[in-house]
Amino acid sequence: MKVYEVGVYNLVVKKIIRSGGKLPKHSTISPEFENTLYFERVATSEEDVRIRVHNEYPKSLGYVIDYVNKVMDNEEDRD
């Protein structure tokens with residue numbers, strides 16, 4: 001398994017906030033997603049990490065994967 005750094009933002013949130021609007025009170029999406037948020041995920045490949053992130057942050061809700069970078073191979077992969 002490999003460790004990837006992933007950046008995700010939400011296009012809907014970005015458009016609302018940058019046009020001067022406010023998110024609806026019932027919105028479950030954090031306004032922090034106006035900007036790209038970075039986090040690490042473990043996966044077997046870049047394709048695998050993209051699938052996992054899309055499952056966690058679906059395109060249908062406006063999420064966009066902005067960045068994917070492998071940052072580390074686990075010890076098992078070095079043998």
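Two strands count as paired if DSSP finds at least two bridges between them. Helices (H or I, at least four residues) and strands (E, at least two) are DSSP runs, numbered from the N terminus. This is a predicted model: local features need pLDDT of at least 70, side-chain atom pairs count only at pLDDT 80 or more, and totals for chains, interfaces and linings use all residues. Residues are numbered from 1 along each chain as its sequence is written, and side-chain values use heavy atoms, with hydrogens and water left out.

**Sheet**
- Three strands form an open sheet in the order β2-β1-β3, with antiparallel pairing.
- β2 (37–43) and β3 (63–73) are the edge strands; each has a single partner strand, so one side of each lacks a neighbour in the sheet.
- From one strand to the next, the twist averages 25°.
- β1 (residues 2–10) pairs with β3 in the antiparallel sense over 9 bridges.
- Tyr4 stands opposite Lys70 in β3.

**Helices on the strands**
- Angles run from 0 to 180 degrees between N-to-C directions; axes are lines fitted to C-alpha atoms, for helices over the stretch in contact. Contact means heavy atoms within 4.5 Å.
- Helix α1 (residues 11–18) lies across β1 and β3, at about 40° to β1.
- Helix α2 (residues 46–56) packs on the sheet and touches β1, β2 and β3. The direction of α2 makes about 120° with that of β2.

**Asp48**
- Asp48 sits in helix α2.
- Asp48 has 17% relative accessibility, so it counts as buried (under 20% relative accessible area, with exposed over 50% and partly exposed in between; 1.4 Å probe, protein chains only).
- The Asp48 side chain reaches the backbone nitrogen of Thr44 at 2.9 Å.

Notes:
A polar contact is a pair of N or O atoms within 3.5 Å; within protein, one must be able to donate a hydrogen and the other to accept it, and residues adjacent in sequence count only if both atoms are side-chain atoms.
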